[in-house]
Amino acid sequence: MRLKNVLIVVEDMERSRRFYKELFGLDLVLDNDGNMILTEGLVLQDRAIWERFIGKGVQPRNNACELYFEDPDLEAFVDKLEAYYPEVVYVNRLMRHRWGQKVVRFYDPDGNLIEVGTPMGSIAEG
């Protein structure tokens, strides 16, 4: 058995598709009317469909999980993030952990938590 996809709930499918394309380069693999599969296994699910399916509401910014990405040039990524999405809500701005990894945490437009960090392998090498 293997993990195939990670699904996040979004309010505006097109806005979210654009967000993940512009910042992370994720392309659309399949648009299944309220359920978009992007490259790297990320699935965008329409909020109304999800709430009907589970019979409960969704709580944005619940901080129960995060999507984690790596980028060797984190400063350039943060510049791009702020240029494309100046209204971004940060959990923490660019920082360095005591073990040397640089990270930034913020919410996507629907309150899904994202962390972008420098690759862990580069810390061991450098």
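Mentor: Let's begin with a term: a residue is buried when its relative accessible area is under 20%, and exposed when that is over 50%. Keep in mind that this is a predicted model.

Trainee: Thanks! Which residues of helix 1 are buried?

Mentor: They are Met13, Ser16, Phe19, Tyr20, Leu23 and Phe24.

Trainee: What puts them on the same side of helix 1?

Mentor: The arc they cover around the axis is only 125°, so they share one side of helix 1. As background, an α-helix has 3.6 residues a turn, so residues three or four places apart point the same way.

Trainee: Why is Phe19 called buried?

Mentor: Its relative accessibility is 2%, and the cut-off is under 20%. Phe19 therefore counts as buried. Tyr20 is at 0%, so Tyr20 counts as buried too.

Trainee: And Glu40, buried or exposed?

Mentor: Glu40 has 74% relative accessibility, and exposed means over 50%, so Glu40 counts as exposed. Glu40 sits in the loop between strand 3 and strand 4.

Trainee: How do you know that the span of helix 1 agrees with what it should be?

Mentor: Helix 1 has 12 residues, 13-24, and at 1.5 Å a residue these should span 16 Å. The end C-alpha atoms are 16 Å apart, so the two values agree.

Trainee: What is found at the start of helix 1, and what just after helix 1?

Mentor: At the start, a side-chain oxygen of Asp12 comes within 3.2 Å of the backbone nitrogen of Glu14. The cut-off for a polar contact is 3.5 Å. Just after helix 1, Gly25 has a positive phi of about 75°.

Trainee: What makes Phe19 and Tyr20 an edge-to-face pair?

Mentor: Ring centres must lie within 6.5 Å, and planes over 60 degrees apart count as edge-to-face. For Phe19 and Tyr20 the centres are 5.0 Å apart and the planes make an angle of 80°, so the pair is edge-to-face by that definition. Ring pairs also link Phe19, Tyr20, Phe24, Phe69, Phe77, Tyr85 and Phe106 into a cluster.

Trainee: Which residues touch the most other members of the largest nonpolar core?

Mentor: Of its 25 residues, they are Tyr20, Phe24, Leu44, Phe77, Phe106, Ile114 and Val116. Helix 1 gives the largest share of this core, five residues. Beyond its neighbours within four places in sequence, Phe106 contacts residues including Phe19, Phe24, Phe77 and Ile114.

Conventions:
Residues are numbered from 1 along each chain as its sequence is written. This is a predicted model: local features need pLDDT of at least 70, side-chain atom pairs count only at pLDDT 80 or more; totals for chains, interfaces and linings use all residues. Side-chain values use heavy atoms; hydrogens and water are left out. Helices (H or I, at least four residues) and strands (E, at least two) are DSSP runs, numbered from the N terminus. The expected span of a helix is 1.5 Å times one less than its number of residues. Buried means under 20% relative accessible area, exposed over 50%, partly exposed in between (1.4 Å probe, protein chains only). The arc is that of the directions from the helix axis to the C-beta atoms. A polar contact is a pair of N or O atoms within 3.5 Å; within protein, one must be able to donate a hydrogen and the other to accept it, and residues adjacent in sequence count only if both atoms are side-chain atoms. A nonpolar core is a set of buried Ala, Val, Leu, Ile, Met, Phe, Trp, Tyr and Cys residues joined through side-chain atoms within 4.5 Å. Contact means heavy atoms within 4.5 Å. Rings of Phe, Tyr and Trp (its six-membered ring) pair if their centres lie within 6.5 Å; planes under 30 degrees apart count as stacked, over 60 as edge-to-face and the rest as tilted.
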